2 protein chains.
Amino acid sequence: MIVTKFGGSSLACAKQLEKVKNIVLSNPERCVVVVSAPGKRNSDDIKITDLLYTLRSHIKYGVPDNDILNMILSRYQEIEEELHLDMNIVDEMRNFFNSLDKDCSSGEVVSRGEHYCAKLVARYLGFTFVDAADILFFTFDGDIDYEKSQAATKAAIEKYGRIVVPGFYGVYPNNDIHLFSRGGSDITGAYMSVFAKASVYENWTDVSGIYAVDPRLAKDAKIIRSISYDELRELSCMGANVLHEDSVKPCQDAEIPIHILNTNEPENEGTIIKANATSLTPITGIAGKKGFVSFTLHKRRMSKEIGFVYRALKIFTKYNVNIEHLPTGMNTVSFIIEEENVRSTMHKIVADLESELDCEVELERDIGMLAIVGEEMRENIIPVSSVLEILKENKIDINCVVKAPDEVTMLVGVKESLLSSCVSVVYSGLRKQGLI
Amino acid sequence: MIVTKFGGSSLACAKQLEKVKNIVLSNPERCVVVVSAPGKRNSDDIKITDLLYTLRSHIKYGVPDNDILNMILSRYQEIEEELHLDMNIVDEMRNFFNSLDKDCSSGEVVSRGEHYCAKLVARYLGFTFVDAADILFFTFDGDIDYEKSQAATKAAIEKYGRIVVPGFYGVYPNNDIHLFSRGGSDITGAYMSVFAKASVYENWTDVSGIYAVDPRLAKDAKIIRSISYDELRELSCMGANVLHEDSVKPCQDAEIPIHILNTNEPENEGTIIKANATSLTPITGIAGKKGFVSFTLHKRRMSKEIGFVYRALKIFTKYNVNIEHLPTGMNTVSFIIEEENVRSTMHKIVADLESELDCEVELERDIGMLAIVGEEMRENIIPVSSVLEILKENKIDINCVVKAPDEVTMLVGVKESLLSSCVSVVYSGLRKQGLI
């Protein structure tokens with residue numbers, strides 16, 4: 001049993017949907033198909049999801065919405081016509097949107113992108129459409145209701161055999177629609193895989209796998225063939241944009257491999273994400289993320305003062321700030337934080353730290369963090385040293401370095417303006433040495 | 001005005017004291033002389049301070065103490081006789097010790113090592129003996145009473161011109177003796193320098209300055225000519241055994257340079273410790289310290305959980321544990337601690353962390369921390385990278401690396417059993433490259 005999820009670009013037009021059909025029907029194990037909303041056909045297209053959010057504003061504020069609605073409907077109509085599906089999806093959609101009143105929720109409106117797309121795809125594949133509202137249940141806290149969802153999903157598969165499910169949403173206990181965050185169809189696919197005990201979760205995209213580095217920063221960016229869940233999550237956290245990061249944990253917990261594949265090149269082997277991924281190189285991937293700020297606390301003999309860092313963290317916690325990293329020296333400790341989390345509070349935090357802890361605080365902004373990820377980082381000196389050698393050769397000075405015990409990621413802080421070139425030189429340097 | 005402090009080896013016998021006299025009298029600025037107790041004349045000697053602690057036990061438990069007392073007295077008698085001081089110091093000492101009852105404090109007994117040594121030295125130099133009990137005052141909390149001590153010290157210098165002061169002790173407000181920790185005569189010298197507004201604090205020892213690395217680990221260990229207070233303190237914290245670490249802060253606050261000199265080679269330029277030390281090399285020194293343990297907490301998506309590290313530190317603080325370092329990854333945070341601080345509590349701490357934070361905790365013992373210190377570490381990639389390159393060349397794997405922003409110290413965790421060879425290879429590697 002395989003769960004497949006197709007992203008927007010695989011669903012953008014009839015030509016793409018033909019590829020989807022070939023892929024799904026070529027293997028009878030592919031029983032569950034999760035779909036996004038139709039993606040952009042070209043760079044001028046506006047995303048369906050963005051159009052739906054806008055439509056909802058029109059409805060909410062009572063502003064005529066014909067142009068927007070027609071833009072949305074035309075996309076579905078085009079697909080229906082090109083595939084000769086003859087199901088009058090546009091009438092159904094128009095009736096639905098016209099029935100909404102001002103109090104409709106954004107979930108109610110926005111979820112329809114995936115909902116109607118799944119209906120088209122089900123008809124085209126000859127599978128049964130199963131509404132996510134009937135199988136994916138949330139508690140009022142926004143957590144998945146595992147037991148109820150699993151039972152409903154299994155029952156649907158047993159009853160219908162092969163099904164198409166819209167991604168991105170589920171329902172609260174009162175049947176109100178709850179959306180995952182943007183890109184959340186990946187998460188729907190992950191949960192379907194878990195509930196259906198899939199042998200693999202196939203995530204079909206428009207790239208042939210996960211790049212070891214952002215291809216905009218390195219011309220010879222290679223595809224990672226095999227990566228561990230941990231490595232992937234670390235790359236995702238640090239800005240590598242592949243799967244929705246929340247889709248990894250459910251699969252990891254259930255030990256279901258995730259296979260990233262390309263709808264446009266289905267023969268390409270793609271990237272496998274699994275627990276004991278065997279990378280051919282010590283380093284698996286590199287990512288960079290901008291927008292960090294560091295609070296460096298200087299206090300002599302700090303390391304003799306029990307509870308010093310604890311009291312500092314109490315202040316950060318008071319301001320609801322999450323600390324990304326805390327490199328320490330003998331007389332300093334730094335708190336590295338995403339600036340967006342402290343934009344309005346950073347100066348208050350400095351004042352509180354200085355007055356409550358009687359220390360000097362230095363605030364540094366515009367820090368970029370470079371993350372170099374690989375299972376062999378855990379204990380091996382070679383990858384750690386090589387990264388710094390490359391920075392040295394390229395005369396790139398650093399703000400901080402952290403490699404924690406038993407960690408697959410090494411982090412290097414640099415000036416934000418240097419981050420892109422850092423990613424680029426480190427990648428090509430490691431590539432030359434065969435380390436990535 | 002110069003404050004000079006002479007360590008035990010400079011006071012071990014008449015021959016050494018002659019050198020002290022030559023040094024002090026060769027510069028009329030040398031007005032305040034702080035002395036330790038007489039040091040060991042050879043490796044068979046027992047330290048006076050250890051004899052005094054033992055003597056106190058004899059007195060406390062009513063066990064005859066003649067042998068011990070005679071061992072102590074004979075050292076002072078020998079010095080008095082060899083220098084022809086003719087002051088019957090032994091009678092004075094014997095009367096004092098015989099007058100003590102079982103309730104005497106260890107401070108009362110042990111401080112006499114420095115006390116009587118200062119009397120001998122004062123007579124020999126022709127300076128006035130000033131008891132630390134009359135000029136160095138503590139509050140009942142054990143903090144220095146700055147105002148009172150400064151006034152008394154200045155008055156004594158004004159009144160007597162050139163004085164000799166015993167190190168290692170002062171008095172509480174009720175005149176009970178309070179000892180600094182072992183090696184505390186260095187601290188007395190530091191405070192005398194501050195109170196006397198000395199132009200320099202000369203600390204005379206039996207080495208020609210501070211070594212860049214433990215000379216037992218590197219044959220070609222060089223002397224550091226100039227080092228900043230911050231660098232010195234970091235080296236001291238990490239096991240480099242030079243000055244008592246508490247003696248640095250008072251001088252740093254008062255901006256008084258500390259000059260480490262060798263009584264046996266007074267012409268040697270020694271080591272200057274000051275704020276803007278200009279090192280000739282990017283790295284100033286290396287030290288290693290054994291006996292660390294790391295608690296590594298693994299939790300997926302930890303970095304999204306606000307207050308996670310805070311709650312972990314709350315547990316460590318509850319057990320009164322000071323955290324030395326906290327390297328972080330994306331899904332791990334490690335707490336690196338001196339094992340002696342958690343020897344009896346480490347398993348309880350693991351249990352508390354696991355149950356209260358719902359995470360996996362991995363305990364690793366026998367970690368050695370290598371500290372590489374240099375003002376140029378703050379931002380420069382070269383020293384940081386070079387250290388790791390050397391470890392790589394020597395195939396030494398690492399546990400963790402931390403270089404905090406604006407920090408002069410880079411820390412590398414290695415297996416404890418490899419620490420000595422790490423110190424040695426890193427030193428010789430850096431030396432070859434001219435980096436230290």
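**Figure 1. The two domains of chain A.** The centres of domain 1 and domain 2 of chain A, taken over C-alpha atoms, are separated by 40 Å. Domain 1 covers residues 2-206 and domain 2 covers residues 285-432; these bounds come from an automatic or database domain assignment. This is a predicted model, in which local features need pLDDT of at least 70 and side-chain atom pairs count only at pLDDT 80 or more, while totals for chains, interfaces and linings use all residues. Residues are numbered from 1 along each chain as its sequence is written, chains are lettered from A and ligands numbered from 1 in the order in which they are written, and side-chain values use heavy atoms, with hydrogens and water left out.

**Figure 2. The interface of chain B and chain A.** Contact (heavy atoms within 4.5 Å) involves 65 residues of chain B and 65 residues of chain A. The buried area between the two chains is about 6100 Å², with carbon and sulfur atoms giving 55% of it. Buried area here is the accessible area (1.4 Å probe) that two parts lose on being put together, summed over both. Of the area that chain B buries against chain A, 12% is supplied by B:R300, B:Y310 and B:M330, more than any other three residues.

**Figure 3. Polar contacts and salt bridges between the chains.** Chain B and chain A have 20 residue pairs in polar contact, both residues at pLDDT 80 or more. A polar contact is a pair of N or O atoms within 3.5 Å; within protein, one must be able to donate a hydrogen and the other to accept it, and residues adjacent in sequence count only if both atoms are side-chain atoms. The interface also holds 2 salt bridges, each a side-chain nitrogen of Lys or Arg within 4 Å of a carboxyl oxygen of Asp or Glu. A:K392 and B:E389 form a salt bridge in which the closest N and O atoms are 2.9 Å apart.

**Figure 4. The side of chain B that touches chain A.** Elements of chain B that give two or more residues to this side include helix 11 (308-318), strand 14 (332-338) and helix 13 (381-393). Helices (H or I, at least four residues) and strands (E, at least two) are DSSP runs, numbered from the N terminus. Helix 13 of chain B gives the largest share, 9 residues. By class, this side of chain B has 23 nonpolar, 20 polar and 22 charged residues. Ala, Val, Leu, Ile, Met, Phe, Trp, Tyr, Cys and Pro count as nonpolar, Asp, Glu, Lys and Arg as charged, and the others, Gly among them, as polar.

Figure 5. Strand 16 (residues 400-403) of chain A runs antiparallel to strand 16 of chain B, and 3 bridges join them. A:K403 has B:V401 as its bridge partner. Two strands pair if DSSP finds at least two bridges between them.

**Figure 6. The open sheet of chain A.** The sheet has 8 strands in the order 3-4-2-1-7-11-12-10, with mixed pairing. Strand 3 (128-129) and strand 10 (226-228) of chain A are at the edges with a single partner strand each, so one side of each lacks a neighbour in the sheet. Strand 1 (residues 2-6) and strand 7 (residues 200-205) of chain A are parallel and share 5 bridges. A:F6 is bridged to A:W204 in strand 7.

**Figure 7. Strands 3 and 4 of chain B.** In chain B, an open sheet of 8 strands has the order 3-4-2-1-7-11-12-10. Strand 3 of chain B runs parallel to strand 4 (residues 163-166) of chain B, joined by 2 bridges. The bridge partner of B:T128 in strand 4 is B:I163.

**Figure 8. A salt bridge within chain A.** The whole structure has 37 salt bridges over all chains. In one of them, the side chains of A:D352 and A:K318 meet at 3.0 Å, N to O. A:D352 lies in helix 12 (residues 346-357) and A:K318 in helix 11 (residues 308-318) of chain A, so the pair ties together parts that are 34 residues apart in sequence.
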